[in-house]
Amino acid sequence: MDTIVPATSSHLGAPALGAAIITLPRENSELGALWRRYDARPVRLLRTREGRALSLDRYQRAGEFMGSLTSPMADDTAYMFYSAGIVAQLAMSSHLLDVGFPDAWCAKYIGLHVDRSLAYANATGFGYEDPETERLMDVLSPYWKWNDLSRAHGIKPDTGGFAADEVRDIITALVDHVAEVTGHGRRKVRRAPS
C-alpha cells in the first residue's frame, strides 16, 4: 500500500484528477503480489470521470440485483449463490473501477472470480478484511459454477456450510461497505435557496 496515493471518493462527483494517479507498485507490494499470483498484467491505475461514472453504474446495478437475493427463487440454493456472486462482483467492481482499474482489464484478469475482486479491492484501500466474507467469496468463485447450465452438466459446488440468511447478510454488508467507500450510496442534499 505504500505506493498508492490515497484518493477517497466524494459524493459530490468525480474526484480531482491531480491526486488520483496511482503508480505501479513495486514487486514486493500487495498489488504486485496479486498480479503475480493471478498471472495478470500490471496496469497503472488512474482515476477518471469515465471510471467514476462506470463505477456508479455498477453500484446501481448491484442494488438492482439485490432483489434476486430475496425473490421466491432464492429458496433454490444454487440460484441464491449465483445471485450472490453477481451482486458481489458488481459491487466490488464498482470500487475497482472507482480507483482506476480499466473495465477490460477486470473482465480479462478477474472475470467471475469474486475472491480475486475482493483481494484486488483490499489491496487498493477497500479495507474489508472479514474472514467470513473472504470464505464466502472463495465458495462463490467462479460464480458461473452456480448457474443452471453448470447444474445441468452435473456440477454440484459446495456451499461451504453457508445458509441463505448468512449469504444475504454478508452480501448486504459488502454492498453497504462499497457505498461507504465509493460514496455512491450517499444522497446529495440540496440546500434550499436563501
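Good morning. The protein chain has eight helices and two strands, where helices (H or I, at least four residues) and strands (E, at least two) are DSSP runs numbered from the N terminus. This is a predicted model, in which local features need pLDDT of at least 70, side-chain atom pairs count only at pLDDT 80 or more, and totals for chains, interfaces and linings use all residues. Residues are numbered from 1 along each chain as its sequence is written, and side-chain values use heavy atoms, with hydrogens and water left out.

From the N terminus on, the order of elements is β-α-β-α-α-α-α-α-α-α. Of the 194 residues in the protein chain, 46% are buried, that is, under 20% relative accessible area with a 1.4 Å probe, protein chains only. The chain exposes about 10300 Å², and carbon and sulfur atoms supply 54% of this area, computed by the Shrake-Rupley method with a 1.4 Å probe.

I turn now to one helix pair. The axes of H2 (residues 49–65) and H3 (residues 77–99) come within 8 Å and cross at roughly 165°; axes are lines fitted to C-alpha atoms over the stretch in contact, and angles run from 0 to 180 degrees between N-to-C directions. H2 and H3 are therefore roughly antiparallel to each other, the term for angles over 145 degrees. Their contact, meaning heavy atoms within 4.5 Å, involves residues including Leu54, Arg58 and Phe65 of H2 and Ile86, Leu90 and Asp98 of H3. By class, the contact of H2 with H3 has nine nonpolar, four polar and four charged residues. Thank you.

Terms used. Parallel < 35°, antiparallel > 145°, perpendicular 65-115°, else oblique. Nonpolar A, V, L, I, M, F, W, Y, C, P; charged D, E, K, R; others polar. Buried < 20%, exposed > 50% of the residue type's maximum accessible area, 1.4 Å probe, protein only.
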